[in-house]
Amino acid sequence: MQTSDFWQNFVNKQVTFRYMRQELQFNLSQSLFSSADVDIGSRFLLRTIAQNVEIAEISSMLDIGCGVGVLGLSLKRINPAMQVTAQDRDALAVTFTTQNALLNEIEGVVVQGGLAFDGLAGRQFDLIVSNLPGKAGHAVLQDMVRRMPAYLSESGLAAVVIVKPLAELVAETLVEMESEILHRKEASGYEVFHFKGGNVAQLDGEAYLAPYMRNTQLFKLGKQKVEMQTAWNLPEFDSLAYDTALAINALKQKPVSGRVLFWNPGQGHLPVYLREQIAEFVLAGRDGLSLQMAAMNLRRVGVADISQQHVAHFLQASGQYDWLIIFPDMDAGVAWETYLLPYCRDLLAPGGRLLLVAKSAYTHRLLQKKRGLHVKFDRKRNGYRAVILAKA
């Protein structure tokens with residue numbers, strides 16, 4: 001299988017979804033939200049749009065947190081002339097929305113990775129839709145809602161759905177914004193809000209990260225003490241996890257240098273720990289928030305040469321490296337033990353090294369395909385295993 005087709009390994013099932021007498025097919029994934037069927041919240045939101053919005057009159061639409069593309073693609077099917085932009089911080093979601101558009105022969109959908117509204121400054125839409133992520137945290141949810149008026153056209157409206165326990169937070173935010181609530185409805189543990197207007201809040205650059213900020217924390221990284229900024233919705237906001245602590249232990253007195261790729265850098269603890277040794281940092285992974293937080297924390301300690309690869313899976317990482325430092329994904333149904341280490345060999349320069357840190361049983365499975373890589377370090381602690389391998 002070619003790398004371009006590898007996304008198919010993430011497909012859990014394909015489901016049929018009918019909307020306004022139109023039939024669509026959606027590939028779903030266990031690595032993304034709602035892996036069994038089109039979720040209740042999205043169905044509810046689409047139903048209220050069909051009942052209250054003249055879809056045929058919408059010329060442009062934005063789907064924030066698009067997932068596999070249910071909202072944007074369903075509405076595009078009803079109005080093919082509508083210009084649709086879909087955005088998600090998870091690069092795998094971007095891939096699934098793109099592929100589901102192809103599956104349904106829907107053209108003209110622009111799908112891009114990034115945090116909500118990042119890269120969309122100056123653009124306006126007739127309709128903004130979102131199945132608001134309940135686990136994102138109150139500050140992030142409020143920020144997403146507060147930004148919407150800045151991206152609506154003069155006659156535009158926003159339509160969002162949220163789980164019932166967070167509905168009052170959305171309602172209070174809309175009142176504070178002085179937005180006009182056009183429609184509010186509750187069903188099946190969710191609430192839908194259609195609204196327009198309100199005070200405009202639009203921020204650019206790293207100000208996009210402001211609502212994600214949790215606290216400034218002092219971390220002990222080996223013998224160092226470093227102050228780092230941490231984010232909501234990412235682990236290790238107040239202490240190191242076992243795998244990161246084990247990675248730091250594995251790299252004590254190791255000459256990590258040259259061009260280094262960090263896969264799943266989290267808040268950036270390990271890149272910051274190695275900041276004085278490395279010539280070029282490449283941060284890679286699916287989660288756009290993780291990449292931006294790790295880059296921010298590197299800049300806080302004076303590192304300037306940083307690049308990012310926001311990609312759907314490890315086989316989309318590119319380049320050649322002196323070191324790979326990997327906290328591998330554990331995607332259900334994906335045989336990473338077949339693909340991960342062979343691809344690492346391709347990315348490593350001759351004599352390059354790989355640090356792999358994961359749960360012990362999972363690491364054992366991954367090491368079955370280490371041909372051409374020689375073990376230089378192997379240690380277990382608290383159910384995790386760190387292995388350093390060298391390319392011949």
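The structure is a predicted model, in which local features need pLDDT of at least 70, side-chain atom pairs count only at pLDDT 80 or more, and totals for chains, interfaces and linings use all residues. Residues are numbered from 1 along each chain as its sequence is written, and side-chain values use heavy atoms, with hydrogens and water left out.

**Helix packing**

Helices (H or I, at least four residues) and strands (E, at least two) are DSSP runs numbered from the N terminus. Axes are lines fitted to C-alpha atoms, for helices over the stretch in contact, and angles run from 0 to 180 degrees between N-to-C directions.

| Pair | Angle | Axis separation |
|---|---|---|
| Helix 1 (40-52) and helix 2 (70-78) | about 30° | 10 Å |
| Helix 4 (138-147) and helix 5 (167-177) | about 45° | 10 Å |

Helix 1 and helix 2 are therefore roughly parallel, whereas helix 4 is oblique to helix 5; angles under 35 degrees count as roughly parallel, over 145 as roughly antiparallel, 65 to 115 as roughly perpendicular and the rest as oblique. Contact (heavy atoms within 4.5 Å) between helix 1 and helix 2 involves S42, L45, L46 and I49 of the former and V70, L71, S74 and L75 of the latter.

**Residue D90**

D90 lies in the loop between strand 4 (83-88) and helix 3 (91-103). Its relative accessible area is 15%, so D90 is buried, a term meaning under 20%, with exposed over 50% and partly exposed in between (1.4 Å probe, protein chains only). Beyond neighbours within four places in sequence, D90 is in contact with L32, R286 and H310.
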